[in-house]
Amino acid sequence: MESYAVHLAMAALVGASLVAVSAYYMHRKTLTQLLEFAKTVEREREREENSDGGGADSPQQMRKRRGQRRKGGGYYRRGSGSLPDVTAISGGVDGNGMVDGIPAGLPRLHTLPEGKSADHVGSTKRTAIRAVSPKSPVASASAFESIEGSDDEDNLTDNAKVYHANGNAGPDLPNHVTANGEQIAIAASSMIRSHSVSGDLHGVQPDPIAADILRKEPEQETFARLKITPTELPSPDEVEVYVVLQECLELRKRYLFSEAVAPWEREVISDPSTPKPNPEPFFYTSEGKSDHHFEMQDGVIHVYPNKDSKEELYHVADATTFFTDLHHILRVIAAGNIRTLCHHRLNLLEQKFNLHLMLNADKEFLAQKSAPHRDFYNVRKVDTHVHHSACMNQKHLLRFIKSKLRKEPDEVVIFRDGTYLTLREVFESLDLTGYDLNVDLLDVHADKSTFHRFDKFNLKYNPCGQSRLREIFLKQDNLIQGRFLAELTKQVFSDLSASKYQMAEYRISIYGRKQSEWDQMASWIVNNELYSENVVWLIQLPRLYNIYKEMGIVTSFQNILDNIFIPLFEVTIDPDSHPQLHVFLKQVVGLDLVDDESKPERRPTKHMPTPAQWTNVFNPAFSYYVYYCYANLYTLNKLRESKGMTTIKFRPHSGEAGDIDHLAATFLTATNIAHGINLRKSPVLQYLYYLAQIGLAMSPLSNNSLFLDYHRNPFPVFFLRGLNVSLSTDDPLQIHLTKEPLVEEYSIAASVWKLSSCDLCEIARNSVYQSGFSHALKSHWIGREYYKRGPDGNDIHKTNVPHIRVEFRETIWREEMKQVYLGKAIIPREVDR
């Protein structure tokens, strides 16, 4: 057996040796043939060059001589023992690090000087640079990132091919470079702005595509437009769904208040300069009493031309009609086929935006760079949802309390248990001194204990857990007539004015316990001269009927409606009856409804009792509040508009928690809403909110403290799909840590969701649109023709939002409207009034 194995091994060895020898001779023969072929090709090429005649050297000969001069001049060539020296045959390495004789389609070979690494190559001017785009929610197919990650990107020379935006290599040279690579003089008008691309500073020639985009004015931007709308007709089932969606949109138009004469028609802005601030915002002139007469009937005020007339001036839908229409909306959003189609349309909207980013993100970024002066920090942004009692941060409140303890300790500030107490005595009763106070002891910041606990969150309004400190420092109807809160508010106004580009809409409470609340509020505003060009006010109505009923303050829901709306109609008809309230209402732009939406409630029906009949201890449902506030506000706005006064929009909290019918009710009645995160649960309502472009003032950090973890917040999805979203702070006192809570909100959203500068500026532009600031201010902040749809209404020099983005949003929205209206959509050139 052993001899057999030895024989077998010997046979294998001999066979392998024969194979190796044969392979060697075959390999050598092949290389010899290749060498002869290469020599033949070289001789033929030299003959062709010589036969061309002409005294001038051809570019190939010049490259060949340059390669011969450099051969052995420091280039490191890796040789092979078995392969012929191809460089010796083809004429060496040319000035670009390319080997002559290699087919043109192969990648270029970059070679390095001996002893040099890629990081230290002293290359000539580069033609292609990489313009890095800010990261978007999806990967960007950047035209300027084609060389990203390449080890050889520092070896690009001035003869390297330029990659065009479509990804193909193009032979075109920049206009200022000749065919021989020589540069010619460039006109000053065609120079690229120094703040856009750093050219001569680093010895780098900019990419022609970047240069082309940056030379153009924003109005000349070009981008890849998406045309992926199906051309085939919708199926009969889809037509049926679209008809139902049309009915829902038309229902909203019938309910929503819109001004008869748009602000841009009443006031034509001819001077583009900054609007002059109002020198006397609280000056009152008597305007006289009109003959109008009003009566409260079944919870809704009706207005007549005079006391003797029975002809009602302004008709509003009654409660039975409203609740019937509300139930129609609820049936629509529950239908399976409608949910499926709306879900598909929303997904398509999201993917369209992702595709748009992949094609155009870099062009958007370069367009932003071409807009001088503007960036995210100096575009106007409005905090569209912030409660006045929590408008300062916790450190600001702490410093204010300490300063008052130090400067005014003997000020009588409260009446408790039959005794008047000074500020020092209040803190002595709490066994506290100014030195003891710190942010942790103040305990106003929301933490894990407030999640899904709205009651605990409201307790955070009490500094140090003491309601008496809230009454002293955060209330305006107290013993010192709200002086401390007014001083604190002025400090916040000062911070806003210093920032210049941040505005706020503060929401302040009217409870409806008594009619004199309006005069107290107006007196506090006027007497303390609380006015800022950066601030407007909204009135929020807490839904607390059940508490007032148990306390015996009211006997029915009708009492609350009387206390809220009768003073407003009185001052509208006769401003002399409430002069300070008349002045204050010029700064009021909206009406809000607030409270814990997560409380269980019965869904109202069309046979609900009237407000006068609502005498039980249970709180009415959200939609019950919505209707009666909407109906009275609608009539009030019609009356104020007829007298040339400012109007008040309905902008309630909705969709933060609780039932989906909250969002259905506000879809019919509200101009904008706060929160709206529950839209993620209903694709139909979400699609309707998109089509109607209803503003959503979303507060992800606030939601994170109360109802929804930050990473689950639907804000980024809503933004991708094109809903009209803005970012707001809600409660800086409980939530934010910095002096600029709105910028903090933007920065965290940008970091977590990878929002680009263009995204942030678009959100800021949305916030100005949603806000209630005057037409003159909006014209100055975002463009003189801001009210026009699409790029015509955009001024990149003020908003820093490229026309590319605005045109994409407008085009996609128009396509959806045409799809829903089956090609018969009537879309005005101007936004909703």
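These are my notebook entries on a predicted model of one chain.

**Overall.** I began with the whole chain. I counted 29 helices and 15 strands in the chain. I then checked burial: of the 833 residues, 51% count as buried. The accessible surface comes to about 40,000 Å². Carbon and sulfur atoms hold 53% of that surface.

**Cores.** Which residues have the most contacts inside the largest nonpolar core? I listed L245, F473, Y506, W537, F667, L685 and Y689. That core has 176 residues. Helix α19, residues 622-642, gives the most to this core, with 13 residues. I also found a second, separate core of 14 residues. Among its members are V382, L538, Y786 and Y787.

**L245.** I went back to L245 and looked up its partners. Leaving out residues up to four places away in sequence, L245 touches I338, C342, V684, Y687, L688 and V820.

**Helix α25.** Next I took α25, which covers residues 741-753 and has 13 residues. From first C-alpha to last, α25 reaches 18 Å, close to the 18 Å expected at 1.5 Å a residue. Last, I checked what follows α25. K754 comes after the helix, and its phi is positive, near 55°.

Technical notes
Residues numbered from 1 in each chain as written. Predicted model: local features only at pLDDT ≥ 70, side-chain atom pairs only at ≥ 80, totals over all residues. Heavy atoms only, no water. Helix = DSSP H or I, 4+ residues; strand = E, 2+ residues; numbered from the N terminus. Buried < 20%, exposed > 50% of the residue type's maximum accessible area, 1.4 Å probe, protein only. Areas by Shrake-Rupley, 256 points an atom, 1.4 Å probe, with all protein chains shown as cover. Expected span 1.5 Å × (residues − 1). Core = buried A, V, L, I, M, F, W, Y, C linked by side-chain atoms within 4.5 Å. Contact = heavy atoms within 4.5 Å.
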